[in-house]
Amino acid sequence: MKHSSPIAYSLRHPGKAAWKLLRILRGQVAPAHTVAQSKLPEGLEPLFLLNQQRQFNQNCENMYLFGGSLQRERLDNFARWSAAHYPGDFVEIGAFRGETSKLLAKAAAETGRRLIVIDPWMTGSQDCDGTEHEQFLANIAPWRDSVDVWRESSLNADIIAKLKPRPLCFAFVDGLHTLSACFSDLMAVGHAKGIIATDDVRYNQDLAFAHQHAARLLGREPIIDPDMREAYILPAKA
Ligand SMILES: C[S@@+](CC[C@H](N)C(=O)[O-])C[C@H]1O[C@@H](n2cnc3c(N)ncnc32)[C@H](O)[C@@H]1O
């Protein structure tokens with residue numbers, strides 16, 4: 001994990017550091033567990049594909065890619081597992097070219113659910129150069145009837161209000177990568193009864209904080225494992 005030291009972070013971002021410290025002091029940040037430490041529902045552990053992931057990790061020097069080579073397979077696994085155990089649809093916040101969306105759309109179609117995709121595809125924002133929306137539509141084309149595309153920011157209050165009454169079983173948060181946006185996205189999908197995934201937590205301490213803070217407010221267990229790029233929030237205990 002290549003997080004900067006807490007002192008360097010606090011000097012660089014005093015406002016955010018104070019915001020975080022207050023939440024830690026209030027007990028609003030859940031301790032994260034690795035896959036091995038967590039109390040997983042039966043049948044979930046093999047779906048993390050951790051042994052295979054560790055083998056890929058041995059040859060990966062890039063901190064942004066480390067732990068991510070099997071991420072799409074994991075997300076597909078967890079969306080299907082969530083559909084098998086809970087009612088509701090799938091949501092992906094931040095879809096880019098739809099390389100993950102196409103797997104989730106196929107899983108939605110095959111499990112009788114819908115995939116909601118929320119992304120403004122705004123040129124200049126989070127790597128978008130203007131071509132991604134078309135590529136996204138081409139990628140999901142075979143399952144287009146099972147996908148609701150909301151071309152808006154997930155931070156838009158109307159979009160959050162539209163999402164809240166939709167029953168959800170699975171969520172993947174991968175939109176705007178800031179502390180406040182990621183936290184807002186997690187709380188917007190927090191009613192997803194199955195698995196909630198957040199990308200890029202391994203190397204981004206603001207996203208890790210948002211993930212652990214949201215998990216505590218939702219009363220659920222966060223998993224952050226050094227072998228995976230993304231993090232998870234487990235279903236609430238029965
Ligand atoms: C890292 S990419 C998503 C990658 C995708 N989930 C995948 O697995 O291939 C980030 C996406 O977030 C989107 N994004 C940026 N700001 C956003 C916002 N406010 N609301 C929703 N999505 C946003 C960008 O347009 C971009 O497509």
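A residue is counted as near a molecule if one of its heavy atoms lies within 4 Å of that molecule. The structure is a predicted model, in which local features need pLDDT of at least 70 and side-chain atom pairs pLDDT 80 or more, whereas totals for chains, interfaces and linings use all residues. Numbering starts from 1 along each chain as its sequence is written, and side-chain values use heavy atoms, without hydrogens or water.

**View 1. Residues around the ligand.** The ligand is surrounded by 20 residues. Gly94, Thr100, Asp119, Ser154 and Asp174 are the closest. By class, this shell holds nine nonpolar, seven polar and four charged residues (nonpolar: Ala, Val, Leu, Ile, Met, Phe, Trp, Tyr, Cys and Pro; charged: Asp, Glu, Lys and Arg; polar: the others, including Gly).

View 2. A polar contact is a pair of N or O atoms within 3.5 Å. A ligand nitrogen lies 2.8 Å from a side-chain N or O atom of Asp174. The protein buries 92% of the 610 Å² that the ligand exposes when taken alone (Shrake-Rupley method, 1.4 Å probe).

**View 3. The largest pocket.** The ligand sits in the largest pocket, as more than half of its atoms lie within 2 Å of the grid points. On a 1 Å grid over the protein atoms alone, a pocket is an open set of points with protein on both sides within 12 Å along at least five of seven lines, and lining residues have an atom within 4 Å of a point. Its volume, the space filled by probe spheres set on the points, is about 810 Å³. Of its 34 lining residues, Phe96, Gln126, Asp127, Asp174 and His177 are the closest to the centre. The lining of the largest pocket comprises twelve nonpolar, eleven polar and eleven charged residues.

**View 4. The largest cavity.** A cavity is a set of grid points where a 1.4 Å probe fits but cannot get out. The largest cavity holds about 40 Å³ of space. Among its lining residues are Val173, Asp174, His177 and Leu207.

Notes:
Polar contact = N/O pair within 3.5 Å; in protein donor to acceptor, adjacent residues only side chain to side chain.
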